Amino acid sequence: MLRRKAGKTDAVDAEAAARAVIAGRSLATPKTGIGAAEELRQMRLVKSSAVKARTTAINQLKGLVVGAEPSLRDHSTAAAVLPEGHQPFTMER
């Protein structure tokens, strides 16, 4: 009933939830943090973190190659530090 009068807000929702708990008519159960859904969430989190770390490492390596002296910046040196399939950055591009 409060919701119809005041509209939808977080404060109104929180108050309604608190009143339901106090009155003993709350039907919601908290998440357990176990099961397939939680495992999938954790796997996605780990993958996202690994991809971010890999991207950071590649960018750092590219920065080292670009900032190196020209004699050290040849194709063979860059290919040795970059992952397979990544081309060395050159200023001529």
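First, the ground rules. This is a predicted model, where local features need pLDDT of at least 70, side-chain atom pairs count only at pLDDT 80 or more, and totals for chains, interfaces and linings use all residues. Residues are numbered from 1 along each chain as its sequence is written, and side-chain values use heavy atoms, with hydrogens and water left out.

Confidence next. pLDDT is the predictor's confidence in each residue, from 0 to 100. The protein chain averages 78, and 70% of the residues score at least 70. Confidence is lowest in helix α1, residues 2–6, with a mean of 57. It is highest in α3, at 91.

Now the layout. The protein chain has four helices and zero strands. Helices here are DSSP runs of H or I, at least four residues; strands are runs of E, at least two; both are numbered from the N terminus. The order from the N terminus is α-α-α-α.

Take α2, residues 10–23. Its 14 residues should span 20 Å at 1.5 Å a residue, and the end C-alpha atoms are 20 Å apart, which agrees. The expected span is 1.5 Å times one less than the number of residues. After α2 comes Gly-24, with a positive phi near 80 degrees.

On to α3. This helix has 32 residues and reaches 46 Å from first C-alpha to last, close to the 46 Å expected.

How many salt bridges are there? The count comes to two. The rule asks for a side-chain nitrogen of Lys or Arg within 4 Å of a carboxyl oxygen of Asp or Glu.

One joins Glu-15 and Arg-19, at 2.8 Å, N to O. Both lie in α2, four residues apart, about one turn of the helix. Are they buried or exposed? Glu-15 is partly exposed, at 34% relative accessible area. Arg-19 is partly exposed too, at 48%. The cut-offs: buried is under 20%, exposed is over 50%, partly exposed is in between, with a 1.4 Å probe and protein chains only.

The other joins Glu-38 and Arg-41, also 2.8 Å, N to O. This pair sits in α3, residues 36–67, three residues apart, about one turn. Here Glu-38 is buried, at 18%, while Arg-41 is partly exposed, at 45%.

Which residues of α3 are buried? They are Glu-38, Ile-58 and Val-65. Across the 93 residues of the protein chain, 9% count as buried.
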